[in-house]
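Please look at the model below with its sequence beside it. The paragraphs that follow begin with a single side chain and then turn to the fold and its rings.

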Amino acid sequence: MKFLPALLLLVPLCASAQRGDFMLLKEKKWNLGVRIGFDASLPIVHSLSAGGEELQSSNQSYRVGYLAAISLRAGRDRVFFNPSFAWHRSESELQFALPQNYTPDNAGQNESAFTNSISVRSSSLELPLLIGYDLVKSNPYRLSVLVGPKLKYFYKTDYDLDIAEASFCGFVEDKHPGSLSLVAGVDVTIGRLFLDFNYEFGITRTKTLFTYTLTDIPSPTPLEYERRTNNISFALGFLF
């Protein structure tokens with residue numbers, strides 16, 4: 001919750017958005033904005049396999065991530081263009097059972113079967129290119145909907161592969177360090193302050209390769225984890 005104190009400091013400003021000329025946003029061709037916030041990331045698992053065998057038992061846990069962005073809002077009428085440049089820190093965890101400790105009898109009943117996990121912590125640079133429409137536009141209030149693509153590049157990703165029966169676990173490579181997503185959101189503006197709620201769904205997939213060695217099997221076993229982006233974000237921002 002690194003950004004929570006900053007968000008709380010901006011909330012009182014929202015209540016006083018109509019006090020003074022500074023907080024009233026004048027109609028211009030474009031406005032520069034900054035925002036900070038957080039999100040909940042729960043990737044969609046496309047496939048998870050060990051040694052070429054698809055794993056049937058897995059369970060995901062979401063983690064809170066953080067974001068910071070600068071954006072440009074251009075347009076005088078109800079339709080506007082809203083590109084952004086953002087930094088994003090996301091986290092997620094996947095628990096799973098290997099074939100030898102998964103049976104139909106304990107599936108869905110005994111969570112102790114999920115004795116293995118993959119933790120992902122990634123930092124990315126993002127370029128959302130959104131088109132918006134003002135459903136309500138009555139100064140100083142606006143209610144807008146936005147939709148568009150997002151380009152994303154993961155410049156740093158940390159993995160923690162934990163397998164209970166393994167004597168060695170290691171990361172091999174990421175097949176797709178970049179991704180393309182579709183974003184849909186709602187933006188509420190009061191004067192110069194705005195709140196936005198966005199949902200992001202990955203169009204492209206990210207595949208990560210690992211390898212592990214079991215204590216009773218000396219040869220290494222490959223593990224493939226393929227997923228799509230799936231998260232909801234909330235941010236508070238200010239327009240200049």
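Does F238 count as buried or exposed in terms of relative accessibility? In this predicted model, F238 counts as buried because its relative accessibility is 12%, and buried means under 20%. F240, by contrast, has a relative accessible area of 45% and is partly exposed. The rings of F238 and F240 form an edge-to-face pair, because their planes stand at 70 degrees, with the centres 5.1 Å apart, and planes over 60 degrees apart count as edge-to-face.

Eight strands close into a barrel with antiparallel pairing, in the order β1-β4-β5-β6-β7-β9-β10-β13, and the twist from one strand to the next averages 25 degrees. Strands of a sheet pair through backbone hydrogen bonds, either parallel or antiparallel.

Turning to the aromatic side chains, the structure holds six aromatic pairs, and one of them is the tilted pair of F38 and F234, with 5.6 Å from centre to centre and 55 degrees between the planes. This pair links distant parts of the chain, since F38 belongs to strand β1 (residues 30-41) and F234 to strand β13 (residues 230-239), 196 residues apart. F38 counts as partly exposed at 23% relative accessibility, and F234 also counts as partly exposed, at 23%. Ring pairs join F38, F197 and F234 into a cluster.

Conventions
Residues are numbered from 1 along each chain as its sequence is written. This is a predicted model: local features need pLDDT of at least 70, side-chain atom pairs count only at pLDDT 80 or more; totals for chains, interfaces and linings use all residues. Side-chain values use heavy atoms; hydrogens and water are left out. Two strands pair if DSSP finds at least two bridges between them. Helices (H or I, at least four residues) and strands (E, at least two) are DSSP runs, numbered from the N terminus. Axes are lines fitted to C-alpha atoms, for helices over the stretch in contact, and angles run from 0 to 180 degrees between N-to-C directions. Rings of Phe, Tyr and Trp (its six-membered ring) pair if their centres lie within 6.5 Å; planes under 30 degrees apart count as stacked, over 60 as edge-to-face and the rest as tilted. Buried means under 20% relative accessible area, exposed over 50%, partly exposed in between (1.4 Å probe, protein chains only).
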